[in-house]
Every structure is written in structure tokens, then in C-alpha cells.
Amino acid sequence: MTHPYARELGDFLRARRGRLRPRDVGLEPGGRRRVTGLRREELALLAGLSTDYYQRMEQGREVRPSDDVLDGLAAALGLDDEERRHLFTLARAARRPVPARVDHGPERVPESTRRLLRVLDTPAVVLGRHLDLLAWNAWAVALLGDPADHPPDRLNMLLLMFDEAAAPLRRCASWEQQAMDYIGMMRAAVATDPTHPRATAVVGELSIRSAEFRRLWARHDVRGSVSGTKTFQVPEVGDIVLDWDTYPLPGSPGPVMLVFTAEPGSADADALQLLASLRATGRSDESYPTRRRDI
């Protein structure tokens with residue numbers, strides 16, 4: 001059986017090789033090429049490896065690359081710091097035997113974290129390692145809607161982002177970048193446990209039903225804790241543009257807190273305050289576990 005980390009490593013190398021062109025690395029394109037990126041033998045030459053050895057790595061066969069080999073590959077592929085860490089994470093895991101048993105128990109949000117959610121004066125949610133929504137505060141309810149609109153097993157950032165009901169949102173200019181941020185976070189999670197049933201279920205479902213997801217997932221981009229900007233289309237107050245940042249919580253790997261903020265005194269901050277006032281209810285001091293609508 002192919003080691004799951006070796007298979008993931010091979011897929012990552014193949015995707016990164018495919019994005020390079022001969023001119024990117026100082027090679028002449030030559031005659032007619034059957035591949036869009038570098039050939040295996042070209043990358044192997046740049047990394048100082050035999051073509052056969054590199055091919056075995058891409059095929060996910062049982063190889064144990066040294067750190068020196070990985071350094072050569074990272075340089076040849078032009079990996080950034082985060083991609084290089086991802087390469088080493090996968091390769092070092094592939095050197096170890098497949099664990100006989102891995103704990104895949106449910107993720108839990110500490111009560112202290114729920115208290116923090118309640119006192120934050122801005123929308124915030126807690127995401128599990130595979131982007132399942134575990135908890136959120138009343139500000140997030142005002143911004144994102146009633147969590148009871150979705151069953152618990154659908155409360156996942158990727159499942160909701162690629163849901164057919166959210167198709168109109170894909171006209172937003174920043175939609176693909178937002179999707180890539182979440183996909184990159186999922187890639188980082190898969191690197192820690194490629195056989196986790198939740199990752200397999202989410203990625204498997206989206207790979208079957210969404211051509212857009214398949215295209216973006218095949219890029220093998222990876223993100224750790226990230227930040228960005230997201231536009232929310234809210235009928236009551238119009239578009240709200242918020243910055244978002246992720247903050248790791250205790251646990252390795254573990255949940256992260258995703259916090260949305262607006263520049264104080266800005267039109268977006270005013271719109272967020274107005275929205276919270278319009279949707280204020282008697283449940284405004286609660287944090288909500290595991291039920292929500294599209295985010």
C-alpha cells in the first residue's frame with residue numbers, strides 16, 4: 001500500500017513542477033512539448049537527482065528523501081517559505097511508518113474560548129482543523145445568519161462556499177482568492193493527517209460535484225494561519241468589507257479563531273454596527289456551537 005504522506009508528497013511535487021516553465025529556470029523550451037510545465041528529467045537535473053529517483057517520489061513510491069534532497073527540490077521548484085515547510089512536513093512524515101491508530105475524535109472548544117467569543121466586540125468564529133465551524137458569537141450571528149439554517153454536518157467553510165445556493169456570490173471579484181485561502185488551510189490540515197475521515201469526506205464530496213473546486217484543489221496551494229479581506233453581501237445594509245485574521249488556539253494541530261474587523265470610524269464599521277442593531281435579539285450574549293448558514 002502506498003504511504004498516504006508519500007502519495008500527498010508526490011501530488012504536491014507534480015503540481016509545483018507543472019506551474020514552472022523552462023524559461024522560469026533558464027532553460028530553452030526546445031521543440032514541441034507534451035507537458036505544460038517542466039519535464040521530470042529537467043526538474044531532476046536542476047535538483048541534482050536522478051530522473052528515476054525523482055519519478056519514484058512523484059509516484060508516491062516508498063522513498064525516504066534526505067533533507068539535502070528536499071533542499072535541492074525546494075530550490076529547483078522556487079518554493080516560498082510556507083511551501084518549503086509543507087514539503088518538509090510531508091517528506092518527514094513519509095519517512096515514518098504509517099501509525100496503526102490515529103485519534104480522530106471530535107474537536108472541542110474550551111469553555112474559556114467560548115467566554116472570549118462572548119466578550120469580543122466584533123464577529124468571531126472558531127474553526128476546526130478541517131474548517132468545520134465549531135462555535136461563534138452573537139456578532140457573527142448578526143453578520144452570517146442563523147446557524148439553525150444548516151444541519152451540523154454541513155457546517156464547513158468549504159462545503160458552504162461551494163454550495164450551489166452560493167453560486168451568485170462567485171461573481172464577487174475576490175471570491176476565488178477567498179476560496180483559495182480556505183483551500184490552502186485545508187491543504188495544510190491534510191498534510192498533518194492525509195487519511196482523516198473528515199478531510200476525506202469534504203474533499204471527496206467537493207471533488208465530485210464541483211469543477212471549480214477540482215481546479216483550485218489541484219493547484220496544491222497551502223496556507224497556515226492566514227489573513228485576508230472578505231466582502232459580505234448583506235441585504236439590510238449593503239456590502240460590508242471586513243478584514244479577517246486567524247489565531248491558533250491551544251492544541252497541535254487544533255482549532256483556530258477567525259476574527260472579522262473593520263477600521264474604526266469607517267463606513268464598513270458603521271454598517272456592521274447598524275446590522276447588529278437590526279438583528280439584535282435576546283440571545284445576544286451567547287456563543288453558538290456547530291450550527292450556521294453560509295459564511
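Partly exposed means a relative accessible area between the buried limit, under 20%, and the exposed limit, over 50%. Arg215, at 43% relative accessibility, therefore counts as partly exposed. The model is predicted.

**Salt bridges**

The whole structure holds 20 salt bridges.

| Pair | Closest N and O atoms |
|---|---|
| Arg40 and Glu58 | 3.0 Å |
| Arg198 and Asp132 | 2.7 Å |
| Glu176 and Arg215 | 3.0 Å |

Arg40 forms a salt bridge with Glu58. Arg40 sits in helix 2 and Glu58 in helix 3, so the pair ties together parts 18 residues apart in sequence. Arg40 is partly exposed at 28%, whereas Glu58 is buried at 2%.

Arg198 forms a salt bridge with Asp132. Arg198 belongs to helix 10 and Asp132 to the loop between strand 1 and strand 2, so this pair links parts 66 residues apart in sequence. Arg198 is partly exposed at 21%; Asp132 is buried at 13%.

Glu176 forms a salt bridge with Arg215. Glu176 lies in helix 9 and Arg215 in helix 11, so the parts they tie together are 39 residues apart in sequence. Glu176 is partly exposed at 31%.

**Helix 1 and helix 5**

Helix 1 (residues 4-18) packs on helix 5 (residues 81-95) at about 150°, with axes 8 Å apart. Helix 1 is therefore roughly antiparallel to helix 5. The crossing is left-handed. The contact residues divide into ten nonpolar, one polar and three charged.

How values were computed
Residues are numbered from 1 along each chain as its sequence is written. This is a predicted model: local features need pLDDT of at least 70, side-chain atom pairs count only at pLDDT 80 or more; totals for chains, interfaces and linings use all residues. Side-chain values use heavy atoms; hydrogens and water are left out. Axes are lines fitted to C-alpha atoms, for helices over the stretch in contact, and angles run from 0 to 180 degrees between N-to-C directions. Helices (H or I, at least four residues) and strands (E, at least two) are DSSP runs, numbered from the N terminus. Angles under 35 degrees count as roughly parallel, over 145 as roughly antiparallel, 65 to 115 as roughly perpendicular and the rest as oblique. A crossing is left-handed if the near helix is turned anticlockwise from the far one by less than a right angle, and right-handed if clockwise. Ala, Val, Leu, Ile, Met, Phe, Trp, Tyr, Cys and Pro count as nonpolar, Asp, Glu, Lys and Arg as charged, and the others, Gly among them, as polar. A salt bridge is a side-chain nitrogen of Lys or Arg within 4 Å of a carboxyl oxygen of Asp or Glu. Buried means under 20% relative accessible area, exposed over 50%, partly exposed in between (1.4 Å probe, protein chains only).
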